[in-house]
Amino acid sequence: MKLASFIVHGRTTYGVVEGDQLIDLESVKSTFGADLKQAIAANRLGELTPAVLAPLPRVPLADVTFLPVIANPGKVLCIGINYATHVRETGRDMPTYPMIFTRFADSQVAHLQPIIRPKVSHKLDFEGELAVVIGKTARHVNAADALDYVAGYACYNDGSVRDWQKHTLQFVPGKNFPQTGGFGPWMVTHDEINDPQELELTTRLNGEVMQHTRTSDMIFDVRQLIEYCSTFTELAPGDVIVSGTTGGVGAFREPPVWMKPGDTVEVEITGIGRLRNSIADEQ
């Protein structure tokens with residue numbers, strides 16, 4: 001099942017993707033939750049059976065304004081330097097532990113919405129990534145059981161303002177400019193993905209392939225990331241782990257490739273979908 005958060009007819013709601021339409025869950029919010037985050041926390045998504053969905057109204061995908069999959073996550077934990085190919089292009093040593101930084105919810109932007117290049121920098125880079133949406137409270141989870149705590153998966157573009165990222169050893173400034181983290185277009189529920197380490201990820205800039213990998217190239221896989229993160233913090237339903245990017249980012253190309261106004265960037269993951277954003281300048 002694919003679930004998206006969106007605005008239609010001035011209403012903020014969520015629904016089930018069915019072909020080129022969305023099944024609007026507005027009328028059953030009292031049962032399933034006011035938004036997708038609450039619906040995940042209620043652990044009732046499995047009750048969205050064909051019989052329940054059949055009488056609900058449909059709206060064309062083309063008529064909605066997408067929101068970030070989880071518009072109000074309590075935590076967005078991003079993993080740096082987590083693909084072997086990316087480690088090699090940076091010249092770093094292989095990490096012993098996951099490198100973690102945080103994103104704020106207001107730094108995210110939805111599918112088909114512009115990623116904003118800030119006034120203070122032109123070094124805006126792309127990072128295609130797999131996002132993992134947590135499905136239930138997780139604390140001290142063993143890696144062997146970790147996928148039981150996943151609600152679903154989505155595409156993410158961890159847009160990075162590289163010069164601000166490099167001001168210090170901490171990445172947070174370069175990762176939290178408003179509207180730089182693309183998240184969407186929807187979440188695919190965990191039962192649709194047999195193994196998150198067997199997915200194919202591709203990032204395209206203006207149609208040209210810039211990154212291409214299989215998620216098996218992760219240094220710390222999804223199970224290990226949930227185990228590690230749930231040890232130092234309590235993960236809650238709707239929290240997001242953005243699992244890292246592969247080689248091919250713009251900063252390490254010769255010459256460097258920076259996203260600029262008028263560009264289109266896409267992150268596609270097999271079995272999930274394609275996240276598309278334009279690039280615009282901050283006003």
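Helices here are DSSP runs of H or I with at least four residues, numbered from the N terminus. The model to which the exercises refer is a predicted one.

**Exercise 1.** Determine how the rings of Tyr-228 and Phe-232 are arranged, and where the two residues lie in helix H6.

*Solution.* Finally, widen the view: ring pairs join Tyr-97 to Tyr-228 and Phe-232 in a cluster, and the structure holds 5 aromatic pairs.

**Exercise 2.** Identify the charged residues that sit over the rings of Phe-32 and Tyr-149.

*Solution.* For Phe-32, the residue over the ring face is Arg-44, at 5.7 Å from the ring centre. For Tyr-149, the charged end of Lys-136 sits over the ring, 4.8 Å from its centre.

**Exercise 3.** Trace the strand pairings of E18 with E15 and with E19.

*Solution.* Start with E15 (residues 200-205), which runs antiparallel to E18 (residues 264-269) and is joined to that strand by 5 bridges; here Thr-202 stands opposite Glu-268. Continue to E19 (residues 273-281), also antiparallel to E18 and joined to E18 by 6 bridges, with Arg-276 as the bridge partner of Glu-266. Between E18 and E19 the hairpin has 3 residues, and Gly-271 takes a positive phi near 80° in this hairpin.

Note on methods
Residues numbered from 1 in each chain as written. Predicted model: local features only at pLDDT ≥ 70, side-chain atom pairs only at ≥ 80, totals over all residues. Heavy atoms only, no water. Phe/Tyr/Trp six-rings, centres within 6.5 Å; stacked < 30°, edge-to-face > 60°. Lys NZ or Arg CZ within 6 Å of the ring centre and 35° of its normal. Pairing = 2+ DSSP bridges.
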